[in-house]
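Hi there,

Here is the model I promised to pass on, with the sequence alongside. My notes on what turned up follow below it.

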Amino acid sequence: MKNKSILILIMITIFFTGCSRIKEDELFKKGRLALEKHDYTKAQEIFSQVLTEDSTNDNARSMYMQAVKMQDALEYEKKHMYDKAIQTLESI
């Protein structure tokens, strides 16, 4: 699953370059909305785009990591690895 996420991030990095500041702000809002809707994969993709344009954006980096950890926690839950899921959620 993580290899797939890494591949997606690389592809997004290649395809989405040249965002303007306005587009970056719009992407950030869409990423936050995806995170709120529990669409963690989409949130990761969107925040990756924001970070491609501005690697110093701490808010986007924080929300990207939150999406990654939430996705990981869901995977642990599916595998009945509840202790790992709780640890992951506590680290957010």
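In which hand of crossing does H2 pass H3? The crossing is left-handed (the near helix is turned anticlockwise from the far one by less than a right angle; clockwise would be right-handed). Before the rest, a word on the source: this is a predicted model, where local features need pLDDT of at least 70, side-chain atom pairs count only at pLDDT 80 or more, and totals for chains, interfaces and linings use all residues. Residues are numbered from 1 along each chain as its sequence is written, and side-chain values use heavy atoms, with hydrogens and water left out.

**Overall picture**

The protein chain has five helices and zero strands, with elements running α-α-α-α-α from the N terminus on. Helices (H or I, at least four residues) and strands (E, at least two) are DSSP runs, numbered from the N terminus. Of the 92 residues, 33% count as buried (under 20% relative accessible area; exposed is over 50% and partly exposed is in between, with a 1.4 Å probe and protein chains only). Among contacts (heavy atoms within 4.5 Å) with a separation of 6 or more, 49% come from residues 24 or more positions apart.

**How the helices pack**

Two packed helices are described by the angle between their axes and the distance between the axes. Here the axes are lines fitted to C-alpha atoms, for helices over the stretch in contact, and angles run from 0 to 180 degrees between N-to-C directions.

Back to H2 and H3: their axes are 8 Å apart and they pack at an angle of about 155 degrees. H2 and H3 are therefore roughly antiparallel to each other (over 145 degrees; under 35 is roughly parallel, 65 to 115 roughly perpendicular and the rest oblique). From H2 the contact takes Glu24, Leu27, Phe28, Lys30, Gly31, Arg32, Ala34 and Leu35, and from H3 it takes Tyr40, Lys42, Ala43, Ile46, Phe47, Gln49, Val50 and Glu53. By class, that contact has nine nonpolar, two polar and five charged residues. The classes are nonpolar (Ala, Val, Leu, Ile, Met, Phe, Trp, Tyr, Cys and Pro), charged (Asp, Glu, Lys and Arg) and polar (the others, Gly among them).

H2 (residues 21-36) also packs with H4 (residues 58-78): the axes come within 11 Å and cross at roughly 25 degrees. That makes H2 roughly parallel to H4, and H2 passes H4 in a left-handed crossing. Phe28, Arg32 and Leu35 of H2 meet Asn59, Ala60, Met63, Gln66 and Ala67 of H4. Five nonpolar, two polar and one charged residues make up this contact.

For H4 and H5, the axes come within 8 Å and cross at roughly 165 degrees. The two helices are therefore roughly antiparallel to each other, and H4 passes H5 in a left-handed crossing. H4 brings Lys69, Met70, Asp72, Ala73, Tyr76 and Glu77 to the contact, while H5 brings Tyr82, Lys84, Ala85, Thr88 and Leu89. These residues divide into six nonpolar, one polar and four charged.

**The core**

Which residues touch the most other members of the largest nonpolar core? They are Phe28, Leu35, Ala43, Phe47 and Ala60, out of 16 residues in that core. A nonpolar core is a set of buried Ala, Val, Leu, Ile, Met, Phe, Trp, Tyr and Cys residues joined through side-chain atoms within 4.5 Å. H2, H3 (40-53) and H4 are the elements that give two or more residues to it. Leaving aside neighbours within four places in sequence, Phe28 is in contact with Phe47, Val50, Asn59, Ala60 and Met63.

**Loop residues to look at**

Asn57 is in the loop between H3 and H4. Is Asn57 buried or exposed? Asn57 is buried, because its relative accessible area is 14%. Not counting residues up to four places away in sequence, Asn57 touches Glu24, Val50 and Leu51. Its C-alpha atom is separated by 9.7 Å from that of Phe47, ten residues apart along the chain.

Most residues other than glycine have a negative phi. His38, in the loop between H2 and H3, has a positive phi of about 65 degrees. His38 counts as exposed, at 55% relative accessibility. His80 lies in the loop between H4 and H5 (82-90), and its phi, near 60 degrees, is also positive. At 58% relative accessibility, His80 counts as exposed.
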